[in-house]
Amino acid sequence: MHNSKIPIIRRLARSGDTMRAWQMFTDAALEGDRHPDTLTLKGRLLKDRGLSAPSTAERARLLGAARQAYLSAAAMMPATYPLINAATIALLEGNRKDAAILATRVLTMLDAGDHEPETAYWLHATRAEACLLLGEIDKGQAVLAQAVRQAPRAWEDHASTLRHFRLIMTVLEQPADWLDAYRPPASLHFSGIIHVAPDQTQSPERIAEAVDRIRPGFAFGALAAGADIMVAEALLERDVELHVMLPATIEGFRHDSVSSFGTHWEARFDAILDAAASVETIEALDTVSQAGIYVGDEMAMGCAIRHARQLESHAVALRLGDGTRAQGSLLDAAWRDRGLPIERVSLERSGTTASPPPTFAREALVAVPDGEQADHFAHAGAALVRHGAFTIARFDDPVAAARIALADVTLHGRTLGVTYGAYDPAGNATQRLETAVRVAGAGLPGQVPVSRSLALALTLHAPDLHCENFGQIASAQGDLALGLLAVR
């Protein structure tokens, strides 16, 4: 690879971080680079930007530039990848003749073996795409089936292929429901009761039956003693990729939500943490609270939705027991409003009772540069406080904070930062205010950088708002992941 940044940029693009990938591409001064690797990456980035462009003119401009970048790369080396992408873009532009000519060239290269080294999956998928572009739908279906058999668990590759094929079928005005058979497995959000009855004979069986009905490939949730740990164990037994989201630090969560309900849960908790694909925590809290559980569930549910969308798949929720923890019914209502299903499993509660966790509080903070007009934030229901050279607008509703911040930036072209999370009202507020200021400082004029917690909450509550990943900044709790807010 002639430039070490290209693989990093390509990974960002594959994960859906188009804006960040393009920014890194331009920062690396790669726009004028004529190397075939750079040109194919440029074509990918321009194509992704074009497909999400807000206007028809901008879409046409970006797709045309993407097609040219791919054709320039193809002229320099015998490779099917840039040619098949140029062919599909030609179809999207309404040029079926050029699409057919390029697709035929691709098939000729594949038949002759005169192409770049590539995996068996991509060679078959490329052939299937060329067949579709030529209107040979039945043949394309058969070849795609062969491709999937070559790499049955290459979920990201499958998702990329399905995304392209759906676009093609839409332009061709052909049914695309046959592609559903190749969708990656579901992304699951799970939550359940702590006080499972001592006689657990039926509980594991019911949990296992539910997991087998859903057949998820990926799962997101917490690990409290009881149903959470039991479902996590069932998921790992079935080789499901598990992502743990804890509403406090690991130490605080282990003390409050695991050890407090019997030390026999501790080893199971630790074993699951070790086996999990990722573990994310709310580092600002060392105590489990109702507000923290609420935000943790919002984030885990947002993760499940995002992951399913990225893989061209679907999201499902699993509720074990009565599902009333941390105002869970409100979050489940938001989940259902997205048209997403919820599976419920009845579990017997034990007779044990415990004190509820402290309530704490939630808030979204918008950092506005000092000297800039901020009264309209107060009119929208925010409490205003000064912090250094900034005014901080404090909202109870994260969606309201995001919407007014985005409207403000669209109107005035300035940079605002928005954070969201749970907090202890008796704690130090200065760190929260400072974090909001640092988030605002990460953006450029006209941008709205937001904390990851807000980005994930918006994924659940406000599907019309979109947040791409936007790197990280340092905070008092360690590195803070950011998103960049936009309207879909």
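I began at glycine 50, which, leaving aside its neighbours within four places in sequence, is in contact with Arg59, Leu62 and Leu63; contact here means heavy atoms within 4.5 Å. I note that this is a predicted model, in which local features need pLDDT of at least 70 and side-chain atom pairs count only at pLDDT 80 or more, while totals for chains, interfaces and linings use all residues. Residues are numbered from 1 along each chain as its sequence is written, and side-chain values use heavy atoms, with hydrogens and water left out.

I placed glycine 50 in helix H3 (residues 36–51), where helices are DSSP runs of H or I with at least four residues, strands are runs of E with at least two, and both are numbered from the N terminus. Glycine 50 is buried, at a relative accessible area of 0%; buried means under 20% relative accessible area, exposed over 50% and partly exposed in between, with a 1.4 Å probe and protein chains only. I also looked up its separation from alanine 66, which is 16 residues away in sequence and 8.4 Å away in space, C-alpha to C-alpha.

**H4 against H5**

I next checked how H4 and H5 pack, and found an angle of about 155° with the axes 8 Å apart; axes are lines fitted to C-alpha atoms, for helices over the stretch in contact, and angles run from 0 to 180 degrees between N-to-C directions. The two helices are therefore roughly antiparallel, given that angles over 145 degrees count as roughly antiparallel, under 35 as roughly parallel, 65 to 115 as roughly perpendicular and the rest as oblique. H4 and H5 have a left-handed crossing, a term that applies if the near helix is turned anticlockwise from the far one by less than a right angle, with clockwise giving right-handed.

The contact is made by residues including Arg59, Leu63, Ala66 and Arg67 of H4 and Ala86, Ile89 and Ala90 of H5. The residues of the contact of H4 with H5 divide into 13 nonpolar, one polar and two charged, where Ala, Val, Leu, Ile, Met, Phe, Trp, Tyr, Cys and Pro count as nonpolar, Asp, Glu, Lys and Arg as charged, and the others, Gly among them, as polar.

Not counting residues up to four places away in sequence, arginine 67 touches Ala86, Ile89, Ala90, Glu93, Asn95 and Asp98.

**H5 against H7**

I turned to helix H5 (residues 80–92) and helix H7 (residues 120–133), which pack at an angle of about 30° with their axes 10 Å apart, and which are therefore roughly parallel to each other. H5 passes H7 in a left-handed crossing. In this contact, Thr80, Ile84, Ala87, Thr88 and Leu91 of H5 meet Thr126, Glu129, Ala130 and Leu133 of H7, and the residues divide into five nonpolar, three polar and one charged.

**Salt bridges**

I found 22 salt bridges in the structure, each being a side-chain nitrogen of Lys or Arg within 4 Å of a carboxyl oxygen of Asp or Glu. Arginine 403 and aspartate 464 form one of them, at 2.8 Å from N to O. Arginine 403 lies in helix H17 (residues 398–412) and aspartate 464 in the loop between helix H19 (452–461) and strand S12 (465–475), so the pair ties together parts that are 61 residues apart in sequence.

I also looked at arginine 344 and aspartate 332, whose side chains meet in a salt bridge at 3.6 Å, N to O. Arginine 344 is partly exposed at 46% relative accessibility, whereas aspartate 332 is buried at 2%. I noted as well that Arg163, Arg166, Asp180 and Glu312 are linked in a network of salt bridges.

**Positive phi**

I checked glutamate 312 again for its backbone, and its phi is near 55°, a positive value in a residue other than glycine. Glutamate 312 lies in the loop between helix H14 (290–310) and strand S5 (315–320). Phenylalanine 360 likewise has a positive phi, of about 60°, and lies in the loop between S6 and strand S7 (361–369). For background, most residues other than glycine have a negative phi.
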